[in-house]
Amino acid sequence: MLPTHGAASGTFLLSNAARATTYSDAASWIGGARARSSFLAGALNLETCANELVRLNLAELVEKVVIRADLARLSDAADRATLTAIAGILLAADPPPWLTQAVQGRDVRREYIPSRDLAALSWLDPMLDDLLIVTAGATLKADTSELLTGLGLAGELIIMQALTSCGFEAIHVALISDMFGYDIEVLKPCGGRIEVKTTTEANAGAFHISRHEYETSLRFGDGWHLLQVVLSPAVLEAPTVRAEHVKSINRLIPGALREIVAPDTGEFRWSISASVAPRRGLWAPSSLYDSAGGLSKGVRELGRSGSAL
């Protein structure tokens, strides 16, 4: 929902009504909002606005209408500051498709905004550019987080499938908790613990490791293994992960981490995570590559769901 002046005003009226009175259904909620300002409400499509608020999870209709807390706090007075803040929430909840193209760093290229949309948003000037920049930054951050989550899960699932194809019995413990310090525990025919790092070809050979993962590797010694799944960059936008997206699966040779990571001293101690780029000679191809297959979901879908289900 583009945050036009009408959309922001309608959102205010609906939020104000839901905050003042308990409504059990959409019709009474919309009627209550219309009654609070008959002159203003008569010029607004409150039905569409209410449906959009529900679609965007800014309002819930279960036993009663519940407005999201940040909107509820903006339901006292329909002044310019309040409507502008509401517009920011609407932008963040439903970013327009042109946003990341129009915002380039700290600049807004208005020529990339459709003229119709630009005219509809002109009421937000002189704050419009700032709102677009903030929203684009948050959108990019969320998008990156989603991709990284999906990419990591895809690699773990590829390894799980390959292990099963090779006759191993394994548990995907990363779906249970991140406390283990590894992603997969192999039970039969031989025990072992596998940490999976997934990346695209441009970053092959490098990875981030948490301190907990590193300390777990020390505790289990050669029973802790690190595998890196290298995928084609095309996988990031593909609807499903296909076998041809898997470019290689490599294992870090035993003892390599202990050789690379500097020990703590009185003057230095790394805390949460570290970036590691082992030299080529510390990697070896994994035989699991020959059994690597595709997945029924894509990276983005895996990132949104956060699970294999």
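**Contacts, charged pairs, pockets and rings**

Apart from its neighbours within four places in sequence, Ser232 is in contact (heavy atoms within 4.5 Å) with Thr200, Glu201, His245 and Lys247. The model is a predicted one, in which local features need pLDDT of at least 70 and side-chain atom pairs count only at pLDDT 80 or more, while totals for chains, interfaces and linings use all residues. Residues are numbered from 1 along each chain as its sequence is written, and side-chain values use heavy atoms, with hydrogens and water left out.

Ser232 sits in the loop between strand 9 and strand 10 (246–252); helices (H or I, at least four residues) and strands (E, at least two) are DSSP runs, numbered from the N terminus. With a relative accessibility of 11%, Ser232 counts as buried. Here buried means under 20% relative accessible area, exposed means over 50%, and partly exposed lies in between (1.4 Å probe, protein chains only). Between the C-alpha atoms of Ser232 and Ser248, which are 16 residues apart along the chain, the separation is 9.5 Å. Thr200, one of the contacts of Ser232, belongs to strand 7 and is buried as well, at 13% relative accessibility. Leaving aside neighbours within four places in sequence, Thr200 is in contact with Val230, Leu231, Ser232, Pro233 and Leu236.

Attention now turns to the charged side chains. Side chains of opposite charge can pair when their charged atoms come close. A salt bridge is taken as a side-chain nitrogen of Lys or Arg within 4 Å of a carboxyl oxygen of Asp or Glu, and by this rule the count comes to 19. In one of them, the side chains of Arg34 and Glu47 meet with an N to O distance of 3.3 Å. This pair links distant parts of the chain, with Arg34 in helix 2 (residues 26–36) and Glu47 in helix 4 (residues 46–55), 13 residues apart. Arg34 is partly exposed at a relative accessible area of 30%, and Glu47 is partly exposed at 36%.

Helix 4 also holds both Glu52 and Arg55, which are three residues apart, about one turn of the helix. These two residues form a salt bridge in which the closest N and O atoms are 2.8 Å apart. Arg55 is partly exposed, its relative accessible area being 47%.

Another salt bridge joins Lys197 to Glu213, with 2.9 Å between the closest N and O atoms. Because Lys197 lies in strand 7 (residues 192–200) and Glu213 in helix 10 (residues 211–220), the pair ties together parts that are 16 residues apart in sequence. Both partners are buried: Lys197 has a relative accessibility of 12%, and Glu213 has a relative accessible area of 14%. Elsewhere, salt bridges that share partners join Glu146, Glu237, Arg300 and Arg304 into one network.

On a 1 Å grid over the protein atoms alone, a pocket is an open set of points where a 1.4 Å probe fits, with protein on both sides within 12 Å along at least five of seven lines, and lining residues have an atom within 4 Å of a point. The volume of the largest pocket is about 890 Å³, a volume being the space filled by probe spheres set on the points, which are joined across faces, edges and corners. Helix 9 (128–165), strand 7, strand 8 (207–210) and helix 10 each supply at least two residues of this lining. The lining comprises 12 nonpolar, 14 polar and six charged residues; Ala, Val, Leu, Ile, Met, Phe, Trp, Tyr, Cys and Pro count as nonpolar, Asp, Glu, Lys and Arg as charged, and the others, Gly among them, as polar.

The second largest pocket has a volume of about 260 Å³. Of its 13 lining residues, Leu163, Phe168, Ile194, His225 and Leu288 are the closest to its centre.

Finally, the structure holds three aromatic pairs. Rings of Phe, Tyr and Trp (its six-membered ring) pair if their centres lie within 6.5 Å; planes under 30 degrees apart count as stacked, over 60 as edge-to-face and the rest as tilted. Phe180 and Tyr182 form a tilted pair, 5.9 Å centre to centre with 55° between the planes. Tyr182 is buried at 7% relative accessible area. Tyr182 also forms an edge-to-face pair with Phe220, at 6.2 Å and 90°.
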